[in-house]
Amino acid sequence: MALIARAAGISNGSLFTYFATTAELFDQLYLELKTGMVTASLAGISAERLR
């Protein structure tokens, strides 16, 4: 967590203000990455093709 906080430019304590546990932080990171991947994957597909 200390490395993540340092890379984000915040204190370790501040990181725990947003995420109660390391698992919660990684869960949110996973969701953000998956959402980005889905958005990028679907960007080139027309709505007609998704039906």
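**View 1. Surface of the whole chain.** The accessible surface of this predicted protein model comes to about 4200 Å². Carbon and sulfur atoms own 63% of that area. Accessible areas follow the Shrake-Rupley method with a 1.4 Å probe, and for residues only the protein chains shown count as cover. Of the 51 residues, 8% count as buried (under 20% relative accessible area; exposed is over 50%, partly exposed in between). Residue numbers start from 1 along each chain as its sequence is written, and side-chain values use heavy atoms, without hydrogens and water. Because the model is predicted, local features need pLDDT of at least 70 and side-chain atom pairs pLDDT 80 or more, while totals for chains, interfaces and linings use all residues.

**View 2. Fold and overall shape.** The protein has four helices and zero strands. From the N terminus, the order is α-α-α-α. The radius of gyration is 16 Å, well over the 10 Å of the globule rule for 51 residues, so the protein is more spread out than a compact globule. That radius is taken over C-alpha atoms; the rule is 2.2 Å times the number of residues to the power 0.38. The C-alpha trace spans about 50 × 20 × 15 Å along its principal axes. Helices (H or I, at least four residues) and strands (E, at least two) are DSSP runs, numbered from the N terminus.

**View 3. Confidence along the chain.** Mean pLDDT is 87 for the protein (the predictor's confidence in each residue, from 0 to 100). A value of 70 or more is reached by 92% of the residues. Among the elements, helix α3 (residues 22–42) has the highest mean, 92. Helix α4 (residues 47–50) has the lowest, 68.

**View 4. A nonpolar patch on the surface.** I4, F26, L29 and L33 form this patch, with about 350 Å² of accessible area together. Helix α3 gives the most, three residues. L33 lies in α3. Patch residues have over 30% relative accessible area and no salt bridge; nonpolar side chains (Val, Leu, Ile, Met, Phe, Trp, Tyr) are joined within 5 Å, like charges within 9 Å. A salt bridge is a side-chain nitrogen of Lys or Arg within 4 Å of a carboxyl oxygen of Asp or Glu.

**View 5. The loop at G9.** G9 sits between α1 (2–8) and α2 (12–18). G9 is exposed, at 63% relative accessible area. G9 and Y30 are 21 residues apart in sequence and 21 Å apart in space, C-alpha to C-alpha.

Technical notes:
Buried < 20%, exposed > 50% of the residue type's maximum accessible area, 1.4 Å probe, protein only.
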